[in-house]
Amino acid sequence: MSDVVRILYFFLPAYLGNMSPALVTPWFKGLAVPMDGGRTLGGRRVLGDHKTWRGLLAGIVVGALVFEAQRLADRAGLGRDLALIDYAAHPVLPGALMGLAAGVGDAVKSFFKRRAGIPPGRPWLFFDQLDFLVASYLFVMVVWTPPLLPTLLCVPVILGGHVVVTTLGYWLGLKEAWI
Ligand code: CTP
Ligand code: MG
């Protein structure tokens, strides 16, 4: 089993936590409040309407739940070959940290996107796809430092996965613009 696959498995809570804000949009509408409170900086929104407290919370909850599922699997003897950390010794915190990091990294990215004059929802290639990985790497260092080289080797896998998913979405008519 390659360490790149193990690192991808380790960061699964961050990856799914990162996807979760878009998936919960039909629910919890009362929490769909912009994190920047509508404030502007230099005439542009600080973060924009697409960064809500609901999304940030969804990331934390989903990150924690996915990590707990990995812990349960590990306890049941499943996926032991994939485990890079001792799941029995680390309840919930790494998952919640990765989910929080996905949301914070995403918001920091949006801050710079707005400063660059890119409107909410418009693509910003590489930054949109990799913000969650950079942020969760830094946040999870509180608990454990993932090996750097296999983490860097995940970058082309994540970018390739994005091209595949977005192309499928475009062909299926779920996305208006390719990439
Ligand atoms: N979302 C949210 N709260 C967050 C992050 C995301 O509600 N903190 C929801 C929004 O509905 C958003 C969708 O998830 O439209 C997709 O998120 P993302 O691609 O990260 O945001 P963008 O729409 O691309 O906005 P931005 O340009 O600010 O990145
Ligand atoms: Mg986006």
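I began with Gly121: one of its backbone N or O atoms lies 2.9 Å from an oxygen atom of ligand 1. I counted a polar contact as a pair of N or O atoms within 3.5 Å. The model is predicted, and I required pLDDT of at least 70 for local features and 80 or more for side-chain atom pairs, while totals for chains, interfaces and linings use all residues. Residues are numbered from 1 along each chain as written, chains are lettered from A and ligands numbered from 1 in written order, and side-chain values use heavy atoms, without hydrogens and water.

Next I looked up side chains. A polar side-chain atom of Ser110 lies 2.7 Å from an oxygen atom of ligand 1. For Arg114 I also found a polar side-chain atom 2.7 Å from a ligand 1 oxygen. The protein covers 80% of the 570 Å² of accessible area that ligand 1 has on its own (Shrake-Rupley method, 1.4 Å probe).

Then I listed the shell. I found 16 residues around ligand 1, with His50, Thr52, Ser110, Lys113 and Arg114 the closest; a residue counts if one of its heavy atoms lies within 4 Å. By class the shell has 5 nonpolar, 6 polar and 5 charged residues, with Gly counted as polar. α4 gives the most, 5 residues. α2, α3 and α4 each supply at least two; helices are DSSP runs of H or I, at least four residues long.

Where does ligand 1 sit? The space it takes is the largest pocket; the test is more than half of its atoms within 2 Å of the grid points. I took a pocket as an open set of points on a 1 Å grid over the protein atoms alone, where a 1.4 Å probe fits, with protein on both sides within 12 Å along at least five of seven lines; lining residues have an atom within 4 Å of a point.

I noted a volume of about 1400 Å³ for the largest pocket. Its lining has 39 residues, and Asn18, Met19, Ala22, Asp106 and Asp128 lie nearest the centre. I sorted the lining into 15 nonpolar, 14 polar and 10 charged residues.

How values were computed. Grid points are joined across faces, edges and corners, and a volume is the space filled by probe spheres set on the points. A polar contact is a pair of N or O atoms within 3.5 Å; within protein, one must be able to donate a hydrogen and the other to accept it, and residues adjacent in sequence count only if both atoms are side-chain atoms.
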